[in-house]
Amino acid sequence: MKFQVKSKFKPTGDQPKAIKQLVDALKNGVKDQVLLGVTGSGKTFTMANVIEETQKPTLVICPNKTLAAQLYQEFKEFFPNNAVHYFVSYYDYYQPEAYIPHSDTYIEKDAKINEEIDRLRHAAVQDVTSRKDVIVVASVSCIYNIGSPENYGGTSLEVKLKQKISRKNFILSLAGLQYQRNDIDFKPGTFRVRGDLIEIYIVTGEKIFRIEFLGDSIENISESIPGLDKKYRSSGKKITLFPATFWVAPSDKLKIAIENIKLELKDQLIKLKKLGKNLEAERLEQRTNYDIEMLTETGRCQGIENYSSHMEFRKPGSPPFSLVDYFNYFNPSTSSGQAQNLIFIDESHISVSQIRAMSVQDKIRKQTLIDFGFRLPSAIDNRPLTFAEFEARQKQTIYVSATPALFEKQKAGKNIAEQLIRPTGLLEPSIEIKTTENQIKDLMEEIKKEINKNHRILVVTLTKKLAEEIADYLTERGIKTQYLHSEVKTMERPEILKNLRQGEFDVLVGINLLREGIDLPEVSLVAILDADKEGFLRNETTLIQTMGRAARHLNGRVILYADKETLSMKNAIAEINRRRKIQEDYNKKNNIHPTTIISDIRDWGFSKKEDVAAELWVVNDKKLLEKEMKIAAKNMDFERAAEIRDLIEKLNNK
């Protein structure tokens, strides 16, 4: 389908001018532009209209998962009939593999994967490969290696009615896609076998396919939606099954890759022994041979991404494949050089610097593992893109920010579209500077004033520890308070913001997660502690962004707790006052009376999802489970019988 914006609003203020300027430049092949839009001016709405006008598959890159979640929801509302996806790091907890030489300490990779986010990532990539009306809202982690788009698209399995294939070979094909057979615990990324029926729970969690065999032929293909349908319906004449992981390769390529891994191991062992590193050589040989055995037997191993350059036949030092490559691979430029996809970098003043820094630390850690025999040298090619590699993959980019940095301005040159007018007429918040002496006591009094008006408050600190301590302090004194920082789980952050807006608590304390782009129109007061501590969290750009959190409220105000007025504070206050004057003049000219932004409080559906859909399907087959339990017991396979018994008991309890 074509992109089509659904909204009760029409572009207004300086939105129409900004949209036209951006669209005209894109159509003329301009590579880099800037959308300079103040808080509350409707930058997301402008972006949506640009997408509709240009009809380009779009990647939106955000500096953190929380902002990505908000933009994802907004774009889904603007484009209800198109494919809008969320792509962020799927780790709730991540400790990378590392080695500390001076203490001879090896730290094994330890991670907790959020299965819901993993399913969303697969859904995003699958639509990038197969649709043109696709928008993916991603965090900066989208520049990390996720495997070859050619392998991913080429390994997919097309299943057709009357297709000649034996049940055994079909199961082998599913295993090649890294689907795991699990006849008991049926969940996304698994399949189960019931006689001549094979049920496949696709990795995105959206459907269950049932393939029925008649001899060595596929007799029927049907599907159902987990948790909703209790009956299967026809899927038509054919379906496409995509891999259950990003790290896949066709069997012929995998065999070659394994041989190349063996050759690299042989060369590296010679080098280590020449250096007198016999212990390191023995360690590397044992670890790598174990991985080779797993790859040979199952097609995968723990840490398979460290062998990605072999599986993708990349030369040493060559760039990895990221989500950006998937957009370019499946939407290549036209013969005339016209880009067929578009990138928005939201809050570019911070996102660009994050992208720039990502590959450096990763390289240092990997090199240590290689030097001490924990990994082959090729492991270093499993990494994020360098900034130069990312720039080379940008076709047409719009940098979006209220405070674009010098880099973005220089890239864009004259192609800067300004959006300084808020359609609501809201002014920038008023600003007051107060001394740090007795600042917590004063802060409590200011908070109470706002709570009496049923308003919300943000308190911005410099450290996580201080955020938690202030939240505890205010809570102990009867003020409903919550903290928010990077250690709060991905799926919990949008729920916390939603609860603040609904009034389940009144004060949110945090650090930099409360800056860029977060939509909290109920917030009337932003209190910035230690505003005079010059640095990354208190420079001009950061202060403008943080103060902007109060710009969506009619009575928005900011208190800066500081003992001196720094240059950053002066510049930030001057810029806020300049923008305030522009809006005042516009309001006066057009007879506009400022009104508080009214924004729907959205349900964040992912955070409450449970893996019950698969269990509902198991419930339907409870009789089959009981039958299998008895068969297992009869065959003296008591461990399997006990597993099935426990699952039945669990389902009965539910």
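User: Which residues line the second largest cavity?
Analyst: The model is predicted, with local features requiring pLDDT of at least 70 and side-chain atom pairs pLDDT 80 or more, while totals for chains, interfaces and linings use all residues. Residues are numbered from 1 along each chain as its sequence is written, and side-chain values use heavy atoms, without hydrogens and water. On a 1 Å grid over the protein atoms alone, a cavity is a set of points where a 1.4 Å probe fits but cannot get out, and lining residues have an atom within 4 Å of a point. The lining of the second largest cavity consists of Val38, Thr39, Ala402, Arg422, Glu428, Ile544, Gln545, Gly548, Ile576 and Arg579.

User: Which elements give two or more residues to the lining of the second largest cavity?
Analyst: Helices are DSSP runs (H or I, at least four residues), numbered from the N terminus. The elements in question are α17 (540-547) and α18 (567-590).

User: How far from Asp118 is the nearest side chain of opposite charge?
Analyst: Asp118 belongs to helix α4 (residues 115-130). Asp118 is buried, meaning under 20% relative accessible area with a 1.4 Å probe and protein chains only.

User: Is Glu347, with its positive phi, buried or exposed?
Analyst: Glu347 is not a glycine, yet its phi is about 45°. Its place is the loop between β17 (342-346) and α11 (348-371). Because its relative accessibility is 3%, Glu347 counts as buried.

Conventions:
1 Å grid on protein atoms, 1.4 Å probe; cavity = no way out; pocket = protein on both sides within 12 Å on 5 of 7 lines; lining within 4 Å. Buried < 20%, exposed > 50% of the residue type's maximum accessible area, 1.4 Å probe, protein only. Lys, Arg positive; Asp, Glu negative; His and termini not counted. Salt bridge = Lys/Arg side-chain N within 4 Å of Asp/Glu carboxyl O.
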